[in-house]
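I opened this model to see how the chain packs against itself. My entries follow in the order I looked things up.

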Amino acid sequence: MAKRRRKLNKDFEREIYSSKKNVELVLAKIYDIDDEDIQKEYMSAFNRVVYLYDELKEDYERQGFSDDSEVLLTNYKNAFNLFESEFEI
């Protein structure tokens with residue numbers, strides 16, 4: 001049986017790349033926090049965002065662009081925005 005080709009989407013790939021840069025930037029800021037307790041609190045809250053980003057990226061690499069892609073991107077963006085609104089970074 002032939003392997004099905006992934007459907008690619010350049011705009012979606014740009015969204016994933018931008019999301020990666022945002023995650024890396026926030027993680028760098030969190031690692032720069034001197035107070036260990038505050039750093040742990042921020043990291044704990046940001047873990048959900050990192051998880052959703054990883055899920056988004058892995059789904060695209062595995063399946064390509066699909067109906068679920070937009071849902072995963074929306075979930076990631078909502079979690080990122082919630083983190084930004086609750087934590088000053």
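**Entry 1: cover over helix 1**

I began with what lies over the buried residues of helix 1, and the cover includes helix 2 and helix 3. I note that this is a predicted model. Next I listed the buried residues of helix 1: Phe12, Ile16, Ser19, Val23, Val26, Leu27 and Ile30. They span an arc of only 100° around the axis, so they sit on the same side of helix 1. I recalled that an α-helix has 3.6 residues a turn, so residues three or four places apart point the same way. On the other side of helix 1 I found Lys10, Asp11, Arg14 and Tyr17 exposed.

I also checked the length of helix 1. Its 22 residues reach 32 Å from first C-alpha to last, close to the 32 Å expected at 1.5 Å a residue.

**Entry 2: the whole chain**

I stepped back to the fold. I counted three helices and zero strands in the protein chain. From the N terminus the order reads α-α-α.

Then I looked at the dimensions. The C-alpha atoms fill a box of roughly 55 × 20 × 15 Å along the principal axes. The radius of gyration is 15 Å, whereas a compact globule of 89 residues would have one near 12 Å. Buried residues make up 30% of the 89 residues. The chain exposes about 6,600 Å², and carbon and sulfur atoms supply 47% of that area.

Among contacts between residues at least 6 apart, 72% join residues at least 24 apart.

**Entry 3: helix 3**

I turned to helix 3, residues 67–86. It has 20 residues and reaches 30 Å from first C-alpha to last, close to the 28 Å expected at 1.5 Å a residue. Its buried residues are Ser69, Leu72, Leu73, Tyr76, Ala79, Phe80 and Phe83. Viewed down the axis, they fall within an arc of 130°, so they line one face of helix 3. Asp67, Ser85 and Glu86 are exposed on the other side.

Which elements cover the buried residues of helix 3? I found that the cover includes helix 1 (10–31) and helix 2 (36–63).

Phe12 is in helix 1. It is buried, with a relative accessible area of 2%. Beyond its neighbours within four places in sequence, Phe12 is in contact with Leu56, Tyr60, Phe65, Ser69, Glu70 and Leu73. Phe12 and Leu73 are 61 residues apart along the chain, yet their C-alpha atoms are separated by 8.9 Å.

For Ile30, leaving aside neighbours within four places, I listed Gln39, Tyr42, Met43, Phe46, Phe83 and Ile89 as contacts.

Is Leu27 buried or exposed? This helix 1 residue has a relative accessible area of 17%, and buried means under 20%, so Leu27 counts as buried. Past four places in sequence, Leu27 is in contact with Met43, Phe46 and Val50. I then took Leu27 and Val71, which are 44 residues apart in sequence, and found 24 Å between their C-alpha atoms.

Leu25 also lies in helix 1. At 47% relative accessibility, Leu25 counts as partly exposed. Leu25 and Ser69 are 44 residues apart along the chain, and their C-alpha atoms are separated by 23 Å.

**Entry 4: Asp59**

Asp59 is in helix 2. How does Asp59 come out, buried or exposed? Its relative accessible area is 6%, so Asp59 is buried. Leaving aside neighbours within four places, Asp59 is in contact with Gly64, Ser66, Ser69 and Leu72.

Note on methods:
Residues are numbered from 1 along each chain as its sequence is written. This is a predicted model: local features need pLDDT of at least 70, side-chain atom pairs count only at pLDDT 80 or more; totals for chains, interfaces and linings use all residues. Side-chain values use heavy atoms; hydrogens and water are left out. Helices (H or I, at least four residues) and strands (E, at least two) are DSSP runs, numbered from the N terminus. The expected span of a helix is 1.5 Å times one less than its number of residues. Buried means under 20% relative accessible area, exposed over 50%, partly exposed in between (1.4 Å probe, protein chains only). The arc is that of the directions from the helix axis to the C-beta atoms. Contact means heavy atoms within 4.5 Å. The radius of gyration is taken over C-alpha atoms; the globule rule is 2.2 Å times the number of residues to the power 0.38. Accessible areas come from the Shrake-Rupley method with a 1.4 Å probe; for residues, only the protein chains shown count as cover.
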